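Q: Hi! Could you help me look over this protein model?
A: Happy to, let's bring it up.

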Amino acid sequence: FCEAKFDQISTNNPYSSIMEACNQLCQIIQHSGDLEEIRNNLLQKPETQLLSQLMVGFVDLYGAPLHRQKSARRMSSGLSRIKVVLRSFFNCICSAGKPVILFLNDLQWADENSLQIIRALITDPNAKHLLVVCTYSEERLDQEIIEKYLLNMAEDTSKASFSGISSFGFNIGVVDIYLSNLNIHTVNDIVSELCEKDKAETLELASNIHRATNGNPYFVLQHMDLLFREGLLKINE
């Protein structure tokens, strides 16, 4: 499992969030029992040099010093080459015994190049044992971007099947899950659990929190955290 979060500041630094997640993967692999096998697989790839330029963690994973030429933003290889390289990287490290979950948060702040890379990873016809999970705020993400990089992706993936096991009929798919705000009863479930009190006792507090946060899950938890930190809410022993 590896994760990264996009933000408004990193939009001027292409690939930074994706590379952060890849560096996490490199660190995980270094402490796994599959290091030598994955390293040998990577050694057979012609993209080794470019991978070392893209991610800091790859140099340690590779196990030998590599000459770094240019930053990811200035590489003459271009976006198309980087797509190929990252597809190859994930194909090397993902396996049935060690599947990978790539979690990317706040996609609404992602730069266009990063969105293209995400699309390339998901629509890779040779992809196996890789689950890409992306979250975004619908209110903050331009509808045109949603349609271009996310919604229309289903058309590409529906035509692609996993290499080597296509006879089983497994297809690469995109599932769009809409998360609405929590209703007052669910907020009360959370408040009751955190306060270790009966739901009937926490309903009034939950109602106030629901009204203040409009049921946004993140704001509900932040509101509860604030109440505890400010000493306004305490749990009796």
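Q: How much space lies in the second largest pocket?
A: About 190 Å³. Keep in mind that this is a predicted model.

Q: Which residues line that second largest pocket?
A: The lining includes Phe1, Leu25, Ile28, Ile29, Ser32 and Asp34. Ile38, Ile93, Lys98, Pro99 and Val100 line the pocket too.

Q: And where does the largest share of that lining come from?
A: From helix 1, which gives three residues.

Q: OK, new topic. What order do the strands of the open sheet have?
A: The three strands go 1-2-3, and their pairing is parallel. Strand 1 (2-5) and strand 3 (130-134) are the edge strands, each with pairing on one side only. From one strand to the next, the twist averages 15 degrees.

Q: What packs on the sheet?
A: Helix 1, residues 16-30, touching strand 1 and strand 2. The direction of helix 1 makes about 155 degrees with that of strand 1.

Q: How many bridges join strand 2 to strand 3?
A: Five, with strand 2 covering residues 100-105. Within strand 3, valine 133 is the residue opposite phenylalanine 103.

Q: Switching to helix 5: what should its span be?
A: It has 16 residues (78-93), so at 1.5 Å a residue it should span 22 Å. The C-alpha atoms at its ends are 23 Å apart, which agrees.

Q: Which residues of helix 5 are buried?
A: Among them are Leu79, Ile82, Val85, Leu86 and Ser88. Phe89, Phe90, Cys92 and Ile93 are buried as well.

Notes. Residues numbered from 1 in each chain as written. Predicted model: local features only at pLDDT ≥ 70, side-chain atom pairs only at ≥ 80, totals over all residues. Heavy atoms only, no water. Pairing = 2+ DSSP bridges. Helix = DSSP H or I, 4+ residues; strand = E, 2+ residues; numbered from the N terminus. Axes fitted to C-alpha atoms, helices over the stretch in contact; angles between N-to-C directions. Contact = heavy atoms within 4.5 Å. Expected span 1.5 Å × (residues − 1). Buried < 20%, exposed > 50% of the residue type's maximum accessible area, 1.4 Å probe, protein only. 1 Å grid on protein atoms, 1.4 Å probe; cavity = no way out; pocket = protein on both sides within 12 Å on 5 of 7 lines; lining within 4 Å. Points joined across faces, edges and corners; volume = space filled by probe spheres on them.
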